[in-house]
Amino acid sequence: MIELFRQAGALLEGHFVLSSGLHTGTYLQCAIALESPEMAATFGEAIAARVLDDQIETRASPAIGGIIIGYEVARNLDARFIWTEREEGRMTLRRGFSVRRGERILVVEDVITTGGSTRETINALSEAGAEVVAAASIIDRSGGKADVGVPLFSLSTLEVPAVTPFDCQACQRGEVAIKPGSRKTVSSEL
């Protein structure tokens with residue numbers, strides 16, 4: 001999987017600010033990897049093959065990063081697909097999406113770093129009455145340390161160091177950090 005990211009130009013090296021405000025030298029830009037319908041289909045098929053469970057009724061993803069891969073997983077399994085998005089800073093179901101009490105859901109994400117967006121999605125779905133049974137991602141960059149509250153599996157797991165701006169050697173050298181992600185950064189200043 002990592003080699004596919006590298007081939008797509010989606011494995012970036014440099015000085016980056018993550019959504020958490022932490023800094024890292026390696027960034028996986030899923031938007032670049034998933035701009036290829038063929039690659040999105042490959043990843044979706046691979047995740048779907050791992051979750052062939054007819055007890056899971058719906059696939060859901062956090063917007064915006066998880067939408068393409070979540071849809072591809074659902075398409076491969078001929079299942080319903082919905083997503084959550086932030087409204088006034090809180091992850092919620094919008095656009096007329098709803099769930100039934102006890103509806104069994106798999107949450108699908110592109111990259112897990114801390115698991116924050118995935119946990120927020122699980123909480124929103126659970127509060128609406130669904131039963132989230134598992135989560136999946138293309139890449140787990142926490143090295144398997146992210147806890148999302150349900151079983152989590154990924155196609156590939158990496159341990160990519162992320163540090164506070166104060167501990168960041170690139171910052172200490174005066175290198176400018178860029179934020180390639182989609183979510184507003186928590187503070188990234190020293």
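Predicted model: local features only at pLDDT ≥ 70, side-chain atom pairs only at ≥ 80, totals over all residues.
Student: What counts as a salt bridge, and how many does a search of the whole structure find?

Tutor: The criterion is a side-chain nitrogen of Lys or Arg within 4 Å of a carboxyl oxygen of Asp or Glu. By that criterion, the search of the whole structure finds 13 salt bridges.

Student: Which residue forms a salt bridge with Arg-6, and where do the two lie?

Tutor: The partner of Arg-6 is Glu-3, with 3.2 Å between the closest N and O atoms. Both belong to helix α1 (residues 2–8) and stand three residues apart, which is about one turn of the helix.

Student: Which parts of the chain does the salt bridge of Glu-103 and Arg-80 link?

Tutor: The side chains of Glu-103 and Arg-80 meet at 2.8 Å, N to O. This pair links distant parts of the chain, 23 residues apart: Glu-103 is in the loop between β5 (90–93) and β6 (104–112), and Arg-80 is in strand β4 (residues 80–87). Glu-103 is buried, with a relative accessible area of 2%, whereas Arg-80 is partly exposed at 35%.

Student: Where do Glu-159 and Lys-145 lie, and are they buried or exposed?

Tutor: Glu-159 forms a salt bridge with Lys-145, their closest N and O atoms being 2.4 Å apart. Glu-159 is in the loop between β8 (152–157) and α6 (169–172), while Lys-145, 14 residues away, is in the loop between β7 (131–140) and β8. Both residues are exposed.

Student: Which residues do salt bridges with shared partners join into one network?

Tutor: That network consists of Glu-57, Arg-80, Arg-100 and Glu-103.

Conventions. Residues numbered from 1 in each chain as written. Heavy atoms only, no water. Helix = DSSP H or I, 4+ residues; strand = E, 2+ residues; numbered from the N terminus. Buried < 20%, exposed > 50% of the residue type's maximum accessible area, 1.4 Å probe, protein only.
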